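Subject: Handover of a structure and notes on its contents

Dear colleague,

Please find below the sequence and the structure that I am passing on to you. My notes on what was found follow directly after it.

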Amino acid sequence: MSVLSLADIQVLIQSSPPLIENYLDLNLQLQTNGFDLSLRSISRLTSCGKLSLDNQNRVISSQQIIEFEPGGIVHLDPGCYSIVYNEIVNLPNDIMALGLSRSSLLRSGSSLHTAVWDAGYSGRSESLLVVHNSLGQKLEKNARVLQLVFLRLSGKSRGYSGIYQGENLS
């Protein structure tokens with residue numbers, strides 16, 4: 001397994017399907033060791049979730065979209081939020097990804113929590129934003145909030161086929 005370099009990511013962005021599409025500014029978002037994802041929308045969690053062994057009884061928390069203020073800013077009080085990214089990620093069957101909060105977000109008292117982006121996943125992902133700062137967090141629409149790091153697997157996998165395949169594409 002190896003981490004993809006900037007050059008590797010550039011080549012895969014030019015492939016079909018592109019590794020990343022719907023990005024806002026390739027020069028700003030392409031990083032030495034990954035790609036910055038940007039903020040499309042924020043939602044408040046409005047119900048309890050439930051997990052089970054086989055997902056048969058899985059219940060995902062309901063969400064209510066939070067509108068950006070005029071000028072594209074939102075002020076979030078301390079708590080948990082769901083965010084959706086602008087970018088669509090299309091992972092080949094031999095590449096997975098891990099998402100890490102950008103250090104500026106951490107230095108402001110907030111963090112993103114993510115799951116593994118499995119090889120073969122395609123969609124516009126969601127993550128959990130936690131505002132720890134007692135004074136809250138201000139975010140601009142389209143702010144770069146997460147760095148996605150890509151790892152090449154030692155071989156091809158069968159590819160992700162769960163319920164989140166193709167999520168948030170409309």
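Helices (H or I, at least four residues) and strands (E, at least two) are DSSP runs, numbered from the N terminus. Please keep in mind that this is a predicted model.

With that numbering, L91 is found in the loop between β8 and β9. Is L91 buried or exposed? L91 is buried, with a relative accessible area of 5%. When neighbours within four places in sequence are set aside, L91 is in contact with L19, M96, A97, W117, D118, A119, G120, Y121 and F150. A position in the chain can also lie well away from L91: V74 is 17 residues from L91 in sequence, and their C-alpha atoms are 31 Å apart in space.

The nonpolar core

The largest nonpolar core has 32 residues, and W117 and F150 are those with the most contacts inside it. At least two residues of this core come from each of α1 (6-13), β4, β6 (73-76), β7 (79-85), β9 (95-101), β12 (126-131) and β14 (144-152).

Helix α1 deserves a separate word. Its buried residues are I9, L12 and I13. Why do the buried residues of α1 line one face of the helix? Seen down the axis of α1, they fall within an arc of 100 degrees, so they line one face.

Aromatic pairs

The count comes to two aromatic pairs.

Salt bridges

Side chains of opposite charge can pair when their charged atoms come close. In this model the count comes to three salt bridges.

D36 forms a salt bridge with R102, and the closest N and O atoms are 3.3 Å apart. D36 lies in strand β4 and R102 in the loop between β9 and α3 (103-107), so this pair ties together parts that are 66 residues apart in sequence. D36 is buried, with a relative accessible area of 1%, whereas R102 counts as partly exposed at 22% relative accessibility.

D36 also meets R144 in a salt bridge, at 2.8 Å from N to O. Here R144 lies in strand β14 and D36 in strand β4, so the pair ties together parts that are 108 residues apart in sequence. R144 counts as partly exposed, at 28% relative accessibility.

The side chains of D94 and R152 meet in a further salt bridge, at 3.3 Å from N to O. D94 lies in the loop between β8 (88-90) and β9, and R152 in strand β14, so parts that are 58 residues apart in sequence are tied together by this pair. D94 counts as buried at 18% relative accessibility, and R152 as partly exposed at 30%.

Cysteines

How many disulfides does the structure hold? The structure holds zero disulfides. The cysteine sulfur closest to that of C48 is in C80, and at 12 Å it is too far for a bond; a disulfide would need the two sulfur atoms within 2.5 Å. C48 is exposed, with a relative accessible area of 65%. C80 is likewise in no disulfide, the nearest cysteine sulfur being that of C48, 12 Å away. C80 counts as partly exposed, at 41% relative accessibility.

With kind regards

Note on methods: Residues are numbered from 1 along each chain as its sequence is written. This is a predicted model: local features need pLDDT of at least 70, side-chain atom pairs count only at pLDDT 80 or more; totals for chains, interfaces and linings use all residues. Side-chain values use heavy atoms; hydrogens and water are left out. Rings of Phe, Tyr and Trp (its six-membered ring) pair if their centres lie within 6.5 Å; planes under 30 degrees apart count as stacked, over 60 as edge-to-face and the rest as tilted. A nonpolar core is a set of buried Ala, Val, Leu, Ile, Met, Phe, Trp, Tyr and Cys residues joined through side-chain atoms within 4.5 Å. Buried means under 20% relative accessible area, exposed over 50%, partly exposed in between (1.4 Å probe, protein chains only). The arc is that of the directions from the helix axis to the C-beta atoms. A salt bridge is a side-chain nitrogen of Lys or Arg within 4 Å of a carboxyl oxygen of Asp or Glu. Contact means heavy atoms within 4.5 Å.
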